[in-house]
Amino acid sequence: MKEEGDRLIITLDPGQPVELTDLADSFAALSRIYERHYRSGSDDAPRLFVTKLETGSVIAEIAPYCVMMGGITMMDGGMIVTDFANRIWRGISYFTGGSKDTKLLEAPSKEDAADLKEFTRPLVGKTGARLGIKQARYEKTDGEKKTVVEYKFDEAELNKASVNIDKALALPEPKKPEDEDQDDKIRSEVMLFLEQANRGPRQRERPHWRQGACP
């Protein structure tokens with residue numbers, strides 16, 4: 001298998017052991033975000049594979065591979081890895097709201113927000129926890145690599161993002177454009193109710209008698 005190419009390097013450092021199911025759920029959420037934005041339901045589209053696991057913190061190298069005739073083939077996935085790493089950074093940064101730049105970011109969809117919550121769950125509430133997202137490029141088959149871009153989140157940012165994601169998920173779904181258009185459409189064959197503005201009993205007017213007139 002070729003060593004050159006771009007990798008997404010994820011560092012999960014909770015500062016303590018991670019339960020295996022939590023770790024599996026975390027990477028499953030990451031995979032769902034990738035599937036949602038980069039596979040488009042096509043079986044031929046590249047899938048994410050773990051190419052290396054390192055000790056210490058949970059450090060995983062992930063790369064897109066194509067599955068062909070029972071084998072996997074490395075593809076030129078530099079652009080995908082770049083955009084995917086940036087998408088994860090934008091999503092988490094939107095909910096940290098720590099700088100002027102993050103306030104200009106577009107809100108992730110509810111599906112992405114839920115998966116970002118699951119992805120970062122093993123780190124939330126852990127003292128000294130940190131998350132690293134790095135795009136690395138292997139230039140040669142001898143293992144030499146260089147960092148293209150790197151994003152980091154600390155304990156405070158991860159906890160704040162988790163709280164804000166929960167708030168966002170609790171909000172009602174926004175109206176769809178087609179639902180808003182319904183208010184402007186002309187409706188036919190509908191029942192019309194008319195109500196009287198003054199619902200109190202109608203008072204009878206008393207006659208006015210002029211002086212000298214016969215009753």
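How many salt bridges does the structure hold? The structure holds eight salt bridges, a salt bridge being a side-chain nitrogen of Lys or Arg within 4 Å of a carboxyl oxygen of Asp or Glu. The views below come from a predicted model, in which local features need pLDDT of at least 70 and side-chain atom pairs count only at pLDDT 80 or more, while totals for chains, interfaces and linings use all residues. Residues are numbered from 1 along each chain as its sequence is written, and side-chain values use heavy atoms, with hydrogens and water left out.

**View 1. The chain as a whole.** The chain has six helices and six strands, where helices (H or I, at least four residues) and strands (E, at least two) are DSSP runs numbered from the N terminus. Followed along the sequence, these elements give the pattern β-α-β-β-β-α-α-α-β-β-α-α. Of the 215 residues, 32% count as buried; buried means under 20% relative accessible area, exposed means over 50%, and partly exposed lies in between, with a 1.4 Å probe and protein chains only. The chain exposes about 15,100 Å², of which carbon and sulfur atoms supply 51%, as computed by the Shrake-Rupley method with a 1.4 Å probe, where for residues only the protein chains shown count as cover.

**View 2. The salt bridge between Arg32 and Asp115.** The closest N and O atoms of Arg32 and Asp115 are 2.8 Å apart in this salt bridge. The pair links distant parts of the chain, with Arg32 in helix H1 (residues 20-38) and Asp115 in helix H4 (residues 110-120), 83 residues apart. Arg32 is partly exposed at 38% relative accessible area, whereas Asp115, at 6%, counts as buried. Both residues belong to a network of salt bridges that also links Arg36 and Asp112.

**View 3. The salt bridge between Arg87 and Asp83.** In this pair the closest N and O atoms are 3.8 Å apart. Arg87 and Asp83 both lie in helix H2 (residues 78-96), four residues apart, which is about one turn of the helix. Arg87 is partly exposed, with a relative accessible area of 22%, and Asp83 is also partly exposed, at 30%.

**View 4. Lys117 and its partners.** The side chains of Lys117 and Asp166 meet in a salt bridge, 3.1 Å from N to O. Here too the pair links distant parts of the chain, since Asp166 lies in helix H5 (residues 155-170) and Lys117 in helix H4, 49 residues apart. Lys117 is buried, with a relative accessible area of 14%, whereas Asp166 is partly exposed at 37%. A polar contact of 2.5 Å joins the side chains of Lys117 and Ser162; such a contact is a pair of N or O atoms within 3.5 Å, where within protein one must be able to donate a hydrogen and the other to accept it, and residues adjacent in sequence count only if both atoms are side-chain atoms.

**View 5. The largest nonpolar core.** This core has 31 residues, and those with the most contacts inside it are Ile10, Leu12, Phe27, Ile88, Leu131 and Ile133. A nonpolar core is a set of buried Ala, Val, Leu, Ile, Met, Phe, Trp, Tyr and Cys residues joined through side-chain atoms within 4.5 Å. Its largest share, seven residues, comes from H1. Leaving aside neighbours within four places in sequence, Ile133 is in contact (heavy atoms within 4.5 Å) with residues including Leu8, Ile10, Ile88, Val149 and Phe153.
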